[in-house]
Amino acid sequence: MHRICIKDIQKDIPVGEGICSVFLVGSAQKAEGKNGPFWSLKLRDATGTLDAKIWAPLSQTVAELKMGDFVEVKGRTSLFREQLQFTVDALRLVENPEELSMGDFIQTSAVEPAEILAQIEEKISEEITYAPWKDFCKSVLKDPGIRAKLLLAPAAKSVHHAYAGGLLEHMFSVASLCLKLSDHYPELDRQTLFVAGLFHDIGKLDELSGGLANDYTDEGKMLGHIIQGILILKPFLEKAKVDPALALHFEHLILSHHGEPEFGAPRVPLSPEAFCLHYADNMDAKLAQCREAFSQIQGKEEQENQEIAWSAWVNLLNRSLCKMPHTPKAKEKETGKAKKDPKGKQGSLMGFFG
């Protein structure tokens, strides 16, 4: 089947030009309008998402559409409130989706998830000296059920790192930020903060289904990933015989990492480490949203850092984001010694001795 990816539609295909391609249905809602029923869709592939509409009379012929369906659509794009929208003129369900390449429709981490997991395990060996914490980390990551899910799990349904391997990427990024904060603030409990940074979102393994649909599970809707994370980790804490005070602090870090009750935190941060984890998690999520928004900017490769550019409206942040020019980097100056040294030894002590 012919495929045009969403990234190309957003960047290279002129608005109004006819398009025919296959997409994954990320969401589908039917509503009633002035001119009859219509469908609001989010079409997905590995390169992004695209808002779409099916208007009457075509909408009246579509009996059912649901998340996870594959559809071949024909139509054209237009701008609505400065955002690209696709109007569907013809549609058919793909009868044999197993013939499609799933890699075209599921976004994955830029780095192989197995490589990220190996980096995490290496960092655990380097940073953790308290034996119960090391045992705890290793036992969680070596658990067959957890390990298999981690290699595929997204970090969210749509907010940030919402792709296969995204959870591992987010875990490692937040834990690394926690280490940098501990370098700057040596009074922090470096090891407990690092371990909490690694596992703060582990409950998302059970909160989200992952895969093509990547929807909330029944348990995820009823409990949420913070409580689910505590339920997953509690047996491992007890088995590793982590000191009760350290285990209590660790659980508080997990419970408070969303910061405030209105953002889903069962408890507000009550320790310096809890504040650090909350801000590290929030920073990593927000910057991931910035990267995603900026990736949609037209001509960003040509723009480099020379112009101010605005993203499309980001619903979850309730704003457009501004990509600003960067301060020019200093040009490397060629020293006299470097000119005289044809052997390229100026980077070592050998360069001083001719």
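User: Hi! Is Phe136 buried or exposed here?
Analyst: Hi there! In this predicted model, Phe136 counts as buried, because its relative accessibility is 0%.

User: And what about Phe199, buried or exposed?
Analyst: Phe199 counts as buried too, since its relative accessibility is 0% and the cut-off for buried is under 20%.

User: How are the rings of Phe136 and Phe199 arranged?
Analyst: Their centres are 5.6 Å apart and their planes stand at 80°, so this pair is edge-to-face. The cut-off for that label is over 60 degrees.

User: Which parts does that pair tie together?
Analyst: Phe136 sits in helix H4 (residues 131-142) and Phe199 in helix H7 (residues 190-199), so the pair links parts that are 63 residues apart in sequence.

User: Which residues form an aromatic cluster?
Analyst: Trp133, Phe136, Phe199 and Phe250 make up one aromatic cluster.

User: How many aromatic pairs turn up in the whole structure?
Analyst: The search finds five. One of them is Phe38 with Trp55, a tilted pair with 5.2 Å from centre to centre and 35° between the planes.

User: Where do Phe38 and Trp55 lie?
Analyst: Phe38 is in strand E2, while Trp55 is in the loop between E3 and helix H2 (58-61), so the pair ties together parts 17 residues apart in sequence.

User: Are those two buried or partly exposed?
Analyst: Phe38 is buried, with a relative accessible area of 16%. Trp55 is partly exposed, because its relative accessible area is 39%, which falls between the 20% and 50% cut-offs.

User: Okay, switching to strands. Which strands make up the barrel?
Analyst: The closed barrel has five strands in the order E1-E2-E3-E5-E4, and the pairing is mixed. From one strand to the next, the twist averages 45°.

User: How many bridges hold E1 and E2 together?
Analyst: Nine bridges, with E1 and strand E2 (residues 36-45) paired in the antiparallel sense. Ala28, for example, stands opposite Leu41 in E2. A hairpin connects E1 to E2 through two residues.

User: What about E1 and E4, how many bridges there?
Analyst: Seven bridges join strand E1 (residues 18-33) to strand E4 (residues 70-80), and the two run antiparallel. If you want a spot to look at, Cys20 has Lys74 in E4 as its bridge partner.

User: Last one: how does E2 pair with E3?
Analyst: E2 and strand E3 (residues 48-54) run antiparallel, joined by seven bridges. There you can find Asp45 standing opposite Gly48 in E3.

Note on methods. Residues numbered from 1 in each chain as written. Predicted model: local features only at pLDDT ≥ 70, side-chain atom pairs only at ≥ 80, totals over all residues. Heavy atoms only, no water. Pairing = 2+ DSSP bridges. Helix = DSSP H or I, 4+ residues; strand = E, 2+ residues; numbered from the N terminus. Axes fitted to C-alpha atoms, helices over the stretch in contact; angles between N-to-C directions. Phe/Tyr/Trp six-rings, centres within 6.5 Å; stacked < 30°, edge-to-face > 60°. Buried < 20%, exposed > 50% of the residue type's maximum accessible area, 1.4 Å probe, protein only.
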